[in-house]
Amino acid sequence: PAAPPEQVSATEDKESLDEVYFIKQIDSLGNACGTIALLHAVGNACSEISLVENSGLDLFFKSTASMDPYERARVLEKDDDMARAHSLAASAGDTEIGDIVEEHYVCFTALNSKSFCWS
């Protein structure tokens with residue numbers, strides 16, 4: 001059996017951080033951790049999956065591929081298609097959101113035998 005991936009934090013391994021797709025969750029994005037976790041999962045799997053050519057996700061990832069995590073967040077903040085998709089998904093659930101949000105979504109990814117946890 002293969003050895004488990006090595007756990008790496010973003011502060012420990014800058015070189016590995018440059019290889020993964022990460023979006024910083026800035027305050028102006030609000031409570032979008034679930035959407036951002038999904039974008040991390042898809043963004044880090046793009047080399048292994050094919051997105052529909054010229055779809056919203058395809059265009060988003062292509063346009064932000066060479067950006068740093070903060071720049072990606074600024075693009076996400078202004079992306080009306082992503083905002084609509086986030087709003088539709090958030091309102092489709094059965095769970096009511098209270099005034100105080102204590103839950104948080106994270107994304108685990110593996111790249112080059114190292115694992116990353118993005119929150």
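Modeller: D58 and K62 lie four residues apart in helix α3 (residues 56-64), so about one helical turn separates them. Helices here are DSSP runs of H or I with at least four residues, numbered from the N terminus. This is a predicted model, in which local features need pLDDT of at least 70 and side-chain atom pairs count only at pLDDT 80 or more, while totals for chains, interfaces and linings use all residues. Residues are numbered from 1 along each chain as its sequence is written, and side-chain values use heavy atoms, with hydrogens and water left out.

D58 forms a salt bridge with K62, and their closest N and O atoms are 3.1 Å apart. A salt bridge here is a side-chain nitrogen of Lys or Arg within 4 Å of a carboxyl oxygen of Asp or Glu. Side chains of opposite charge can pair when their charged atoms come close. K62 also forms a salt bridge with E53, where the closest N and O atoms are 2.8 Å apart.

The partners differ in exposure, for which buried means under 20% relative accessible area, exposed over 50%, and partly exposed in between (1.4 Å probe, protein chains only). D58 is buried, at a relative accessible area of 8%. K62 is partly exposed at 48%, and E53 counts as exposed at 52%.

D58 is one of the buried residues of α3, which are D58, F60, F61 and T64. These residues cover an arc of only 165° around the axis, so they sit on the same side of α3; the arc is that of the directions from the helix axis to the C-beta atoms. The buried residues of α3 pack against α2 (33-45), α4 (69-78) and α5, with contact meaning heavy atoms within 4.5 Å.

Helix α5 (residues 80-92) holds a pair of its own: R84 and D81 are three residues apart there, which means a separation of about one helical turn. R84 forms a salt bridge with D81, with the closest N and O atoms 2.5 Å apart. R84 counts as partly exposed at 48% relative accessibility, and D81 is partly exposed, with a relative accessible area of 49%. Salt bridges that share partners join E53, D58 and K62 into one network. The structure holds five salt bridges.

How values were computed
Helix = DSSP H or I, 4+ residues; strand = E, 2+ residues; numbered from the N terminus.
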